[in-house]
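Me: I have a model on the screen and would like to learn to read it. Can we go through it feature by feature?

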Amino acid sequence: MKKFLLPIARIVILITLFSFQGFAQINFTELSIDDDVHGTAGIYACDLDNDSDIDVLGASQEDDQIIWWRNDGGTPISWTKIVIGYNVGEAHSVQAADIDGDGDIDVVGAAYVGTPGIAWWRNDGGNPVIWTKFTVADNFINAHEIFVYDLDQDSAPDILGASSNLNRIAWWRNDGGNPVAWTEQIISSNVTLAKSVTAGDLDGDQDNDVIGMDIINNDVIWWRNDGGQPIQWTQFLVDGNFGGAHRAQAVDIDNDGHLDVLGAGYLSHQIAWWRNNGGNPIVWTKQTIGSNFTNACIAYSVDLDADGDKDVIGTGQAINQIAWWRNDGGEPIQWTKFIITDSFIRPWPLYAEDLDGDQDYDIIVGSSHAGSNQVHWWRNDEITGININQTDLDDYILFQNYPNPFNPSTKISYLIPEPSFVTLKIYDVLGNEIATLVNEEKPMGTYETKFSPVFNLGQTVSGIFFYQLKAGDLIQTKKMVSLK
C-alpha cells in the first residue's frame with residue numbers, strides 16, 4: 001500500500017502545480033505607512049526595537065530627518081512615526097546595524113548638505129528608545145548613499161559611502177571604543193557624481209570587494225580587495241556604457257554561488273544584471289531585464305514569489321511606476337514584467353521585507369523630491385502556483401539563503417522529492433557544528449527555515465557561516481555571511 005500511495009501523491013501535486021500554468025502570480029494590496037513625509041530618498045527595514053516585527057526607516061530629504069516608523073502590529077499594520085534625527089541636511093540614505101556590539105540595532109544616516117555628512121545614532125534602549133547622535137564623517141559632502149557592511153571581517157560593522165560632490169567612494173573602519181572611533185580610507189576620488197556603493201566577495205577569495213556607480217561616465221565599477229593594512233584596492237570595470245548608472249546591488253541572481261551585479265540605469269532607462277563568470281579578473285556578461293523603464297532609480301532583488309530563484313523589483317521615477325520582473329529561469333534567464341502600480345508619484349527608494357510576518361516579501365516605496373509626500377507598502381497577499389517542474393520534483397535541491405549577507409536573520413529553503421529524513425546544520429569557518437535547524441523526517445515538498453545568530457546561537461555574531469543539507473542522496477553545503 002505504501003508503494004502505491006507515494007506515486008499518487010506525486011501525481012496530485014503535479015496536477016496542482018501545472019493547473020496554475022507553472023508560474024506564480026502575486027496580488028498586492030497598497031497600504032499607507034505615512035502620507036506626510038516629504039521627499040523620501042532612502043528606505044530600510046529591520047526589527048529596530050527587538051520586538052520580533054519589522055519596522056521601517058526613512059531618510060526624508062525635504063524634512064531633513066531620519067525617521068523610524070514603528071510597526072505596532074494589527075491588520076492592517078499600525079505605524080507610529082518617531083523622528084530619530086533632526087537637521088540632517090537633505091537626508092539621503094539610511095541603514096541600520098549593531099554598530100557598537102551591545103546587542104541592539106543602531107541607525108546610520110547620510111546628509112546631502114551640511115555636516116556631518118555621515119552620522120550614527122546609538123540605540124540606548126528605553127521605551128520609547130533613546131537615541132544619541134555621533135559623527136562618522138564631518139566633511140563627506142553630498143553623501144548620496146551609504147552601505148553598512150563588515151568590510152574587513154573583524155566582526156564590527158563598517159560604513160561605506162558614495163559622495164556626489166567629492167566624486168568619491170570611501171569607507172570608515174569601525175575601530176570600536178566608547179564612543180566608536182572611525183578610520184577613513186578613500187577607495188577612489190574619480191567616480192564622477194558617485195551615486196551608489198555596495199560590497200561583497202565578488203571573486204570568491206574570502207575577502208570583500210566594493211562596487212560603485214559613476215552616473216556621468218556611465219560606469220559600473222568594482223574594486224578588488226587585495227588585502228593589506230590599510231587595504232589595497234585594484235579598480236576594474238564591470239560595464240563602461242550603462243547610461244546614468246544609479247544604483248547597484250551585489251546578489252547571486254542565477255544561484256551559481258557567485259555574486260553578480262544588479263543595476264538601475266537612470267538615463268538608459270534600464271534594469272540590468274551582469275553575470276559573474278569568474279576568471280582573473282572577473283569576466284562579466286550583461287543581460288537587460290527591463291527596457292523603457294524611464295528614469296530607473298532602484299533595482300532590488302529578492303525571491304518575491306517564493307519559488308527559489310531571485311526576482312527583481314524596480315522603480316521608474318518619471319513614469320510613476322513600480323514593477324517586478326519574475327525570474328522564469330532558462331539560459332539566459334527569461335523575465336516577465338508585472339506592473340504593481342503606475343500611479344505612485346515619483347517613486348525612488350525601495351526595499352523589500354516581510355512586514356506582516358506571513359513568510360513572504362512585501363514592498364516598501366517612498367515618493368521622492370517634489371512627489372506625493374508618501375511612504376507606502378504593498379502587501380504580498382497571494383502566491384498561486386509555483387515554479388517547479390517535473391525535473392525539480394525528481395531532485396533534492398538546497399537553495400541559496402536570502403538575504404545574503406544578512407542582519408539579523410536569513411531564510412534557507414530546500415526541496416525534497418519524496419519522504420526523507422532531513423538534517424540542516426550550521427557550521428562556522430573552522431567546520432565546527434554550531435546549530436541544528438532541522439533533524440527529522442519530512443514529507444515531500446518545499447520547505448523554508450530561518451536562521452538568526454541571536455535566536456539560534458544566543459548572541460550577535462557576524463562573519464562567514466556554512467549551512468549543510470543532508471536528505472536522501474544529497475549532501476550539499478552553501479556559504480552565507482552574517483553582518484553584526
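Reply: One caution to begin with. This is a predicted model.

Me: Let us start with sheets. How do strands hold on to each other, and what is the order of the four strands in the open sheet here?

Reply: Strands of a sheet pair through backbone hydrogen bonds, and the pairing is either parallel or antiparallel. Here the order is β22-β23-β24-β25, and the pairing is antiparallel.

Me: Which strands stand at the edges?

Reply: β22 (296-302) and β25 (335-341) do. Each has a single partner strand, so one side of each lacks a neighbour in the sheet. On average, neighbouring strands of this sheet are turned by 20° against each other, direction ignored.

Me: How many bridges join β22 to β23, and how many join β23 to β24?

Reply: β22 and β23 share six bridges and run antiparallel. One of the pairings is Ile 298 with Thr 315 in β23. Strand β23 (residues 311-316) has five bridges to strand β24 (residues 321-327), again antiparallel.

Me: What lies between β23 and β24?

Reply: A turn. The two strands form a hairpin with four residues between them. In that turn, Asn 320 has a positive phi of about 55°.

Me: Which way do the side chains of a strand point?

Reply: In a regular strand the side chains alternate between the two faces of the sheet. Look at β23: Asp 311, Ile 313 and Thr 315 point one way, while Val 312, Gly 314 and Gly 316 point the other way.

Me: Are those β23 residues buried or exposed?

Reply: Buried, on both sides. Six of the six residues in β23 are covered in this way.

Me: Now the rings. How many aromatic pairs does the structure hold?

Reply: It holds 16. Read each pair by the distance between centres and the angle between planes. Take Phe 242 and Trp 274: the centres are 4.8 Å apart and the planes stand at 90°, so this pair is edge-to-face. Phe 242 lies in the loop between β17 (233-239) and β18 (245-251), and Trp 274 in strand β20 (residues 270-276), so the pair ties together parts 32 residues apart in sequence. Both residues are buried.

Me: What does a stacked pair look like, for example Trp 324 and Phe 338?

Reply: Their centres lie 5.0 Å apart, with 20° between the planes. Trp 324 belongs to strand β24 and Phe 338 to strand β25, so parts 14 residues apart in sequence are tied together. Trp 324 is buried, because its relative accessibility is 2% and the limit for that label is under 20%.

Me: Which rings form a cluster with Tyr 44?

Reply: Tyr 300 and Tyr 351, linked with Tyr 44 through ring pairs. Tyr 44 sits in strand β2 (residues 40-46). At 10% relative accessibility, Tyr 44 is buried. Beyond its close sequence neighbours, Tyr 44 has contacts that include Asp 55, Val 94 and Tyr 351.

Me: Where does the charged end of Lys 411 sit?

Reply: Over the ring of Tyr 361, 5.0 Å from the ring centre.

Me: What is a disulfide, and how many does a search of the whole structure find?

Reply: A disulfide is a covalent bond between the sulfur atoms of two cysteines. The search finds zero. Cys 46 is buried at 7% relative accessibility, and Cys 297 is buried at 1%.

Me: What should I look for in the backbone angles?

Reply: Exceptions. Most residues other than glycine have a negative phi, and most peptide bonds are trans. Asn 50 has a phi near 60° and lies in the loop between β2 and β3 (55-60). Its relative accessibility is 62%, so Asn 50 counts as exposed. Gln 359 has a phi near 70°. This residue is in the loop between β26 (347-353) and β27 (362-367) and is partly exposed at 46%.

Me: Where are cis peptide bonds found?

Reply: One runs from Asn 404 to Pro 405, with omega near 0°. Another joins Asn 407 and Pro 408, with omega about 10°. Pro 405 is in the loop between β29 (397-398) and β30 (410-416), and Pro 408 also lies between β29 and β30.

How values were computed: Residues are numbered from 1 along each chain as its sequence is written. This is a predicted model: local features need pLDDT of at least 70, side-chain atom pairs count only at pLDDT 80 or more; totals for chains, interfaces and linings use all residues. Side-chain values use heavy atoms; hydrogens and water are left out. Two strands pair if DSSP finds at least two bridges between them. Axes are lines fitted to C-alpha atoms, for helices over the stretch in contact, and angles run from 0 to 180 degrees between N-to-C directions. Rings of Phe, Tyr and Trp (its six-membered ring) pair if their centres lie within 6.5 Å; planes under 30 degrees apart count as stacked, over 60 as edge-to-face and the rest as tilted. Buried means under 20% relative accessible area, exposed over 50%, partly exposed in between (1.4 Å probe, protein chains only). A charge sits over a ring if NZ of Lys or CZ of Arg is within 6 Å of the ring centre and within 35 degrees of the ring normal. A disulfide is a pair of cysteine sulfur atoms within 2.5 Å. Contact means heavy atoms within 4.5 Å. Lists of a residue's contacts leave out its neighbours within four places in sequence.
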